[in-house]
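Hi everyone, thanks for coming. I'd like to walk you through one model today, so please have the sequence and structure open as we go.

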Amino acid sequence: MNLMSNELFKAVRYALYAGATAVVGFSAAPAFAQEQGSQQLETVTVTGSRIRKADVETAQPIVVLDRAAIEHQGFNSVADILQNLTESGSPTISRAAALSSGEAVGGYYIDLRNLGANRTLVLLNGKRLGATTDGLQDLSQVPMSSIERIEVLKDGASAIYGSDAISGVVNIITRKNYDGAEAAAYVGQFDEDDGAKQTYSMTFGSHNDRGSITFSAEYSKEDPVLAADREFSAYPQGPYHPLTGWTLVSQWGVFFAPPGSCPGQGSGQCTLNPGGDPFGGPSQYHRTGTGGGINDRSNANQQMYLQTGIERKSLFVTGDYNITDNIKFSTDILYNKRSTDQQIAGYPFQPAFALPWEGPNAQAIGLSADSYYNPWGEDVYFYRRGWEVPRTTKSDLSTYRISGTLEGNFNIGDRTFNWDVGAYVNTNDVLKINHGDFSLTALTGALGPSFLDPATGRVTCGTPDNPIPYGSAPGQCVPWNPILPYGQGGSGSLTSTPELQEFLFPYYHSRGRTKSTDYSANITGSVFTLPAGDIGVAAGFEHRNETGSYVPDAFAQSGLSTNLSSGPTGGKYKVDEYYVEVDVPVLKDVMLAKELSFNVAGRHSRYDTFGNTTNGKFSLTWRPIDDLLFRANYAQGFRAPTIADLYGGVGGTFAFYTDPCDVRNAAGGDPAVAARCASGFSGQRGVPAGYNQIGQGGSPCNSFPCQTGIQFLSGSNPTLQPETATSKTAGIVYSPSWISGLDLSLDWYRIHLKNAISGDSVTQMLDDCYVRGIAARCSSLLFTRDANGVVNYALIGSTNQGWQDTEGYDFGVNYRLPEFSFGRFAIHWNTTYVDHLDAKITNTAKVPQVYTGKSSNFRTRSNASLDWSLGDFAATWTTRYYSSIKEKCSFDSAAAGGPECNQPMHYDPENGAARYPLNRTGANAFHDLQVRWNAPWNGTVSVGANNLFNHAGPVLYSQPNSNFTYYGGFDIGRFYYLRYSQKF
């Protein structure tokens, strides 16, 4: 019971006992499940305000997804549903981002307006959802079966909710006062017979005039999808260049053997012939890569997951009990266990030796001259991918959440005030299990001296005078013959020796915990009356403690494995906050003012990390006639530095970056950039003429951004200050009385974020230094080059710098047509148009970077759905539209123009007005269909297909939100599903 205070536990226990007693006392008469609601007009709170009102139409733009709208989509997770809102940005750590690592990987997040998921606040019944140390709130914590509706506030709300509510607020509201029971099952899979999904849920509850209780249990599983099973992800550089991007760090091995070890070797490398004898002399080998093409190369995509697997087990309980006529206790309890599975290709082992691109910190491990398996009699270094053991990560998140609230009302004269006092505790425990990375200590032993033990007839590590026991346990060793390629058996073969795999590839365990503890008190009511109505007031106090830690495996902390090195993250902070909100009606039922009111709110936050901040908000509502509503908002916002921002450990990363000094990049088209690169600008070493950026395996990069083969460093910053933001919205809602059932809305928004907390990047540092000529960004503390011009060190930290600015429009149409003899129709059409999304990444950048219409930042997203119903039958057709996007041309088509480079003469002011060839893809539309039948036994059968026409998006070499030449938010195939629900 360490997750909650004793007092809170006692209150919850009392509520559950009271709810159970109430259930026993209810009538046993049979009834179909139904939602119970008051038959009289009552006041409610709407997301974005604390003041209770009878009118739920406010000045703030809100999207509401009720349970029917959720069920009419063919998705089985909260994240998938929210990701398809037009206001949503690109998925953060998408399921196609197979190479992502860290605490947050495996979760599912929502990013409104493409400003970052940690700038969208997620609430569960009006209270914060638990977050990672990075401030990311995992939507997979909430079971679908427990949801009544989802409210999405498309406006800043820090004055009401505090930190993180910059681009918007998502409030997930669960089912309450439920009578009866409901069971549901959902199964489906892709056309390619993979990616199977299944969800099973049960909800039951009961209530009377004293209390209620509702239980929801859910199990869900989604199988992974291999990248090799889709054309657009099967190859590193996509289907149009299937032989490009393969790496020599392959499962066949590359050995830097003595001269003459293979025919025509010269200064090259050797690879064993298929089925060859390592001790059979040069004729058993060939020069690596002989014949060109993909010979002796590896396609890592063949082992990668295009879509990670996920499994969830959830239990949600909510209850309330009327202690008196004016005091009620309510509680909700959540348990969720989420497991996700990632897989990428076996580790590309690249030991250090006398080649410049390996850097000073790589491990100099090779095949010892004294190894039994060494035919050359001297130390030999090599490249070898551990293809036999793909790298996997299992990420388990266990969520424990409990909240309790006392709420009631009292009267002062003829005025009623509502109050509540509550608390919640949300604990997330993370366990990550990695497998497939070499243990460097084991590798040293396996490649070290070994001999044939005559007593056992087995090759053994060590020497005859000092043998090491054979086995994979501590203190034991299993020798490895790396010359044998993947698939070839024999003594010391990684393919055919299970104990060798166990020895070289242990399981690594990383653990983390975040805990949020929150206490709050609120009061709302009307203080006096104006001619236009009551002045509503809300005020409150909130105290929140956030603690978090993430401890990587000891091997990762000590750098004793080939996994990325990383240090532990750990810290805490607390905040006290006070807020007040006032709603003032100015005019009512007069000419050109059926309603005119404004709302003001302010919140003061006191953090023990950076200090104090105060944020305000002003909203205006004007209804000149009954049919027409104008609304406007101005809000200040902030995002406090997270635990990881402040106290994160130093970690390693094999970063993707673009070196402007490569002659195929900026240096090739801008003489000023070329001069800075060659001269050793601001103390940096100069690059040689014709310089090419070096990637994995020491080979020149053939596409950009390109992944380094050298581990760079990244870290946190304890002096970070909060981000600040201003958001503005203005809109119009028109519901013409002369067209019944029609609602039109148009909202403008603009968000400006300053003092952004952002991680630096190698590309950014190099561009600032060489392209923009900022001498301070050329510091050897940030990056260095070796004698051959290769970037061999980089430190990527976090800082407050630059700004982001986005502006756009949301347009909505909802029209429920009159009923016809052939059925009833309803049209829902929502469109988001982004005028711009710009950013100055650094304070010293001369021009902002323009993101709109590039990579995964769509200028226009639009969803249109048509609902039809007739008797017991219904259907929904949905079209999801994404506008065209641009990206930098792939390396081999930039010069030639053509279908993959249709804007070859584009010039980009962000890059010193250098030529920046672009390719513009076409727009994309995905169509979904669902057909439903309400059976006479109170069951509902739904069958459907998402991406009905099996549309595939364009090939995108920038790999937006994925690690493949495909946008990580697009459908990966046609998906069929069947859903059945039964009410009792």
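**Confidence first**

Let's start with residues 1-41 of this predicted model, where pLDDT, the predictor's confidence in each residue from 0 to 100, stays under 50. For that stretch the model has 57 contacts beyond four places in sequence, a contact being heavy atoms within 4.5 Å. Residues 353-363 also have a pLDDT below 50, with 27 contacts beyond near neighbours in sequence. Where pLDDT is low, the predicted coordinates should not be read in detail. Over the protein chain, the mean pLDDT is 88, and 91% of the residues reach 70 or more.

A quick word on conventions. Residues are numbered from 1 along each chain as its sequence is written, and side-chain values use heavy atoms, with hydrogens and water left out. Because this is a predicted model, local features need pLDDT of at least 70 and side-chain atom pairs count only at pLDDT 80 or more, while totals for chains, interfaces and linings use all residues.

Now, to a sheet. Helices (H or I, at least four residues) and strands (E, at least two) are DSSP runs, numbered from the N terminus. Five strands form an open sheet in the order β2-β5-β6-β3-β4, with mixed pairing; two strands pair if DSSP finds at least two bridges between them. Its edge strands, β2 (62-66) and β4 (127-128), each pair on one side only. Five bridges link β2 to β5 (residues 147-153) in the antiparallel sense, and I62 stands opposite L153 in β5.

Next, helix α11, residues 762-771. Why is it largely enclosed by the rest of the structure? Nine of its ten residues are buried, that is, under 20% relative accessible area, where exposed is over 50% and partly exposed in between (1.4 Å probe, protein chains only). Among them are V762, M765, L766 and Y770, along with D767 and D768. The buried residues of α11 pack against several elements, including α9 (666-669), α10 (671-679) and β38 (791-796). Just after α11, G773 takes a positive phi of about 70°.

Last stop: D928, in strand β49 (residues 924-934). Is D928 buried or exposed? At 7% relative accessibility, D928 counts as buried. Its side chain joins that of R880 in a polar contact of 2.8 Å, meaning a pair of N or O atoms within 3.5 Å; within protein, one must be able to donate a hydrogen and the other to accept it, and residues adjacent in sequence count only if both atoms are side-chain atoms. The D928 side chain also reaches the backbone nitrogen of N947 at 2.9 Å.
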